[in-house]
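Subject: Structure for your review

Dear colleague,

Please find the structure below, followed by an account of what was found in it. I would be grateful if you could read the two side by side.

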Amino acid sequence: MFSHLPVMINETIDSLIQNRSGAYLDCTFGLGGHSKEILKNLDSKGSLSAIDQDQVVAEYALKIKDPRFNFQYSKFSNIKNLFKKNKFDGILFDLGVSSLQLDDASRGFSFQKNGKLDMRMDQSNKISAFEWINNAKESEIADIFYYLGEERRSRFFARRVIERRKISLIDSTEDLASIAYTGRHSKKHPATNIFRAVRMFVNNELGEIKDALMASVNLLNDKGRIAVISFHSMEDRIVKNFFKGKVDGSDFDSQLKSIGKIIKPSVAEIQENPRARSAILRIGERSYA
Ligand code: SAH
């Protein structure tokens, strides 16, 4: 029912897999696009562990019967606990949401498909977008819109949230989208930034990435690689700084060196798959020098 084209699949496989008999970890299984291609490129001694924090994904992934493959339902910030005894030759993060999440109105992610506001990638999280937007203080909402959504009219939109709440709850994705509707013409949907902000907040996306990157270097074999596909500048900045040995402005010895330049999707791929539009792939390699 849902299709999801894996982003920069050839570029990712080429740079991630240096050893066909190696052990790999896909931290963002999604619809398994990258995982399936990794398995195809491994020999019988190779193995792939995968995780995802989405229960729907987990049900699907657990049905895959390949002796080289195993799946665990978890957040990727938890990899240091999940893989205490493992070392990997490559670890992949394909960040953001999948089409499975975005295209299903009942998951409440999208202003294009009206549904009950939710946005939790992990359905066991306590706070959904609905709960947060209907309870948070105006100043907190403004800050989230500003810092996570890079929304210049953050205060104005936060005020509108409060005004709207006086009339009725913000119940659906359409309700939230209407907050940002001003009648002005612009290339992107006026609610794009605030939707992204709420989604990033509800799923603690930046915190997850930082924790997972810091944990992942300890799970790498010598010459093991980390491949990260990010979808906006805020994510990419974290990855870029991490590869340079910085987390939140402080030094962190990641023992990684960047491999090659950043990779972006081809024009043909963007035409075929608009989701790839803003994708950036970075590769880091661990060297125990
Ligand atoms: N590469 C996949 C698509 C991944 S989409 C494919 O080709 O099919 C991103 C996936 O990452 C989503 O399923 C989402 O639930 C998962 N995800 C996002 N943040 C996560 C986190 N912190 N922990 C675990 N999974 C996460």
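Phe-93 is buried, at a relative accessible area of 2%; here buried means under 20% relative accessible area, exposed over 50% and partly exposed in between, with a 1.4 Å probe and protein chains only. This is a predicted model, in which local features need pLDDT of at least 70 and side-chain atom pairs count only at pLDDT 80 or more, while totals for chains, interfaces and linings use all residues. Residues are numbered from 1 along each chain as its sequence is written, and side-chain values use heavy atoms, with hydrogens and water left out.

Aromatic pairs

The structure holds eleven aromatic pairs. Rings of Phe, Tyr and Trp (its six-membered ring) pair if their centres lie within 6.5 Å; planes under 30 degrees apart count as stacked, over 60 as edge-to-face and the rest as tilted. Phe-76 and Phe-93 form an edge-to-face pair, 5.2 Å centre to centre with 90° between the planes. This pair links distant parts of the chain, 17 residues apart: Phe-93 belongs to strand S4 (residues 88-94), and Phe-76 to the loop between strand S3 (69-73) and helix H4 (79-82). Helices (H or I, at least four residues) and strands (E, at least two) are DSSP runs, numbered from the N terminus. Phe-76 also counts as buried, at 13% relative accessibility.

The rings of Phe-111 and Phe-195 have their planes at 90° and their centres 5.1 Å apart, so this pair is edge-to-face. Its members are 84 residues apart, Phe-111 in the loop between helix H5 (99-102) and helix H6 (129-135) and Phe-195 in helix H10 (residues 192-202). Phe-111 counts as partly exposed at 22% relative accessibility, whereas Phe-195 is buried at 4%.

Nonpolar cores

A nonpolar core is a set of buried Ala, Val, Leu, Ile, Met, Phe, Trp, Tyr and Cys residues joined through side-chain atoms within 4.5 Å. The largest has 59 residues, and those with the most contacts inside it are Phe-93, Ile-133, Ile-141, Phe-145, Leu-176, Val-198 and Leu-213. Leaving aside neighbours within four places in sequence, Ile-141 is in contact (heavy atoms within 4.5 Å) with Trp-132, Ile-133, Ala-136, Ala-158, Val-161, Ile-162 and Arg-165. A second, separate core of 28 residues includes Met-8, Ala-50, Ala-61 and Ile-283.

Pockets and cavity

On a 1 Å grid over the protein atoms alone, a cavity is a set of points where a 1.4 Å probe fits but cannot get out, and a pocket is an open set with protein on both sides within 12 Å along at least five of seven lines; lining residues have an atom within 4 Å of a point. Grid points are joined across faces, edges and corners, and a volume is the space filled by probe spheres set on the points.

The largest pocket has a volume of about 1100 Å³. Its lining has 32 residues, of which Leu-102, Thr-192, Arg-199, Arg-275 and Arg-277 lie nearest the centre. H10 supplies the largest share, five residues. The lining of this pocket divides into nine nonpolar, 13 polar and ten charged residues; Ala, Val, Leu, Ile, Met, Phe, Trp, Tyr, Cys and Pro count as nonpolar, Asp, Glu, Lys and Arg as charged, and the others, Gly among them, as polar.

The second largest pocket has a volume of about 240 Å³. Glu-151, Arg-153, Ser-186, Pro-190 and Asn-193 lie nearest its centre among the 13 lining residues, which divide into one nonpolar, six polar and six charged.

Helix H11 (205-217) and helix H2 (33-40) each supply at least two lining residues, and H11 gives the most, with three.

Further sites

In helix H12 (residues 233-243), the buried residues include Met-234, Ile-238 and Phe-242. Just after H12, Gly-245 takes a positive phi of about 90°. Gly-249 lies in the loop between strand S6 (246-247) and strand S7 (250-251), and is exposed, with a relative accessible area of 65%.

Yours sincerely
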